[in-house]
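Keep the viewer open as you read.

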Amino acid sequence: VWAAGYSGRSLEIRQWLRTGGNGSLAVIASGEYLREGTKNALPDAAHTFAAIGIEPTVWFERIRSAYLAARSRKNAAESRTYWAEVEQTAGLHFADLFSRLGGPILVHDFPEHALRLPPAWTIVVPVKKDAQLVRKNIDAIMSVWQKALEGGALGLAHTDDGLWFLKVGLEGPAIVVTDRYLVISFSPHADRQNLELLNNR
C-alpha cells in the first residue's frame, strides 16, 4: 500500500509492505530527509519538492532488476548485452558510477516549465566522492550515445561549460556534473539556472 500527500512544499510518500504475515512501514520521500547539503540545493522559488531517501545505488539495482524481470528471456538477454557493450565501450561499470552518488535525491519544479508539463522537473543528486571521475564517466557514456546517434534526427550536444543535452528540434533534457552535484533538468537553460543558484550557495 502506497500513500502520498503534501506537507507544505514537500511531497511525502510512505509504503506499507506486508510479507509473510509481518508488516513494515518505509518512508520513501520526506522533507525530513533534507540534509544541510541538499537543503542548499533546494531553490526558494520551487513550489514543490520531493526528497527521496533511498541511495542511488539501491534505486539502480531495484530498477534494473524490475525491468529485467518484466521482460521476456530473449529481451532481457538482449538488454544485458547492450548495457554490457555500453560499459565496455565507455570503460566503466554503472554500479561503480552509482556508488559515487549519494542521497537524498532531490526532485523539484524550479524553474517552472513554460507549459507546466508534469515531467519537466529538476533532479539533483549529491556527489558522494570523486566528482571528477563521475564527470569523466558521464562524459564517456554520453560520448558513446553521441556517436551512435550521428547522422540521425536525434542527437546529443556537449557545451563548453560541461552540459550534455538532447537535440530533437528542441534542446533538452540536459545533464551536468559539478563538484558537489549531478543535475538533470528539462533544458540546458533550466540546468544553468540551477547551477547559478548552486554556485551562489
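**A charge tucked inside**

Start with Asp191, which is buried yet has no salt bridge: Arg192, the nearest side chain of opposite charge, sits 8.2 Å away. Bear in mind that this is a predicted model. To find Asp191, go to helix α6, which covers residues 188-199. So what does Asp191 touch, leaving out residues up to four places away in sequence? Its contacts are Leu163, Ala174, Ile175, Val176, Val183, Ile184 and Ser185.

Now for the nonpolar interior. In soluble globular proteins, nonpolar side chains tend to be buried together. Here the largest nonpolar core has 29 residues, and the members touching the most others are Val134, Ile138 and Leu182. Several elements give two or more residues to this core, namely β3 (22-29), β4 (49-52), α3 (73-90), α4 (94-99), β5 (105-108), α5 (131-148) and β9 (170-177). Helix α5 supplies the largest share, with seven residues.

Zoom in on Val134 and, setting aside residues up to four places away in sequence, you'll see it touching Leu97, Arg100, Leu101, Val127, Lys129 and Val177. There's also a second, separate core of 19 residues, with Ala41, Ala51, Leu163 and Val183 among them.

Finally, head for the outside. Val1, Trp16 and Leu25 make a nonpolar surface patch of about 360 Å². Val1 lies in the segment before β1 (2-7). Is Val1 buried or exposed? It counts as exposed, because its relative accessibility is 72%, and the cut-off for that label is over 50%.

Terms used. Residues numbered from 1 in each chain as written. Predicted model: local features only at pLDDT ≥ 70, side-chain atom pairs only at ≥ 80, totals over all residues. Heavy atoms only, no water. Core = buried A, V, L, I, M, F, W, Y, C linked by side-chain atoms within 4.5 Å. Buried < 20%, exposed > 50% of the residue type's maximum accessible area, 1.4 Å probe, protein only. Helix = DSSP H or I, 4+ residues; strand = E, 2+ residues; numbered from the N terminus. Contact = heavy atoms within 4.5 Å. Patch = residues over 30% accessible without salt bridge, like charges linked within 9 Å, V, L, I, M, F, W, Y side chains within 5 Å. Areas by Shrake-Rupley, 256 points an atom, 1.4 Å probe, with all protein chains shown as cover. Salt bridge = Lys/Arg side-chain N within 4 Å of Asp/Glu carboxyl O. Lys, Arg positive; Asp, Glu negative; His and termini not counted.
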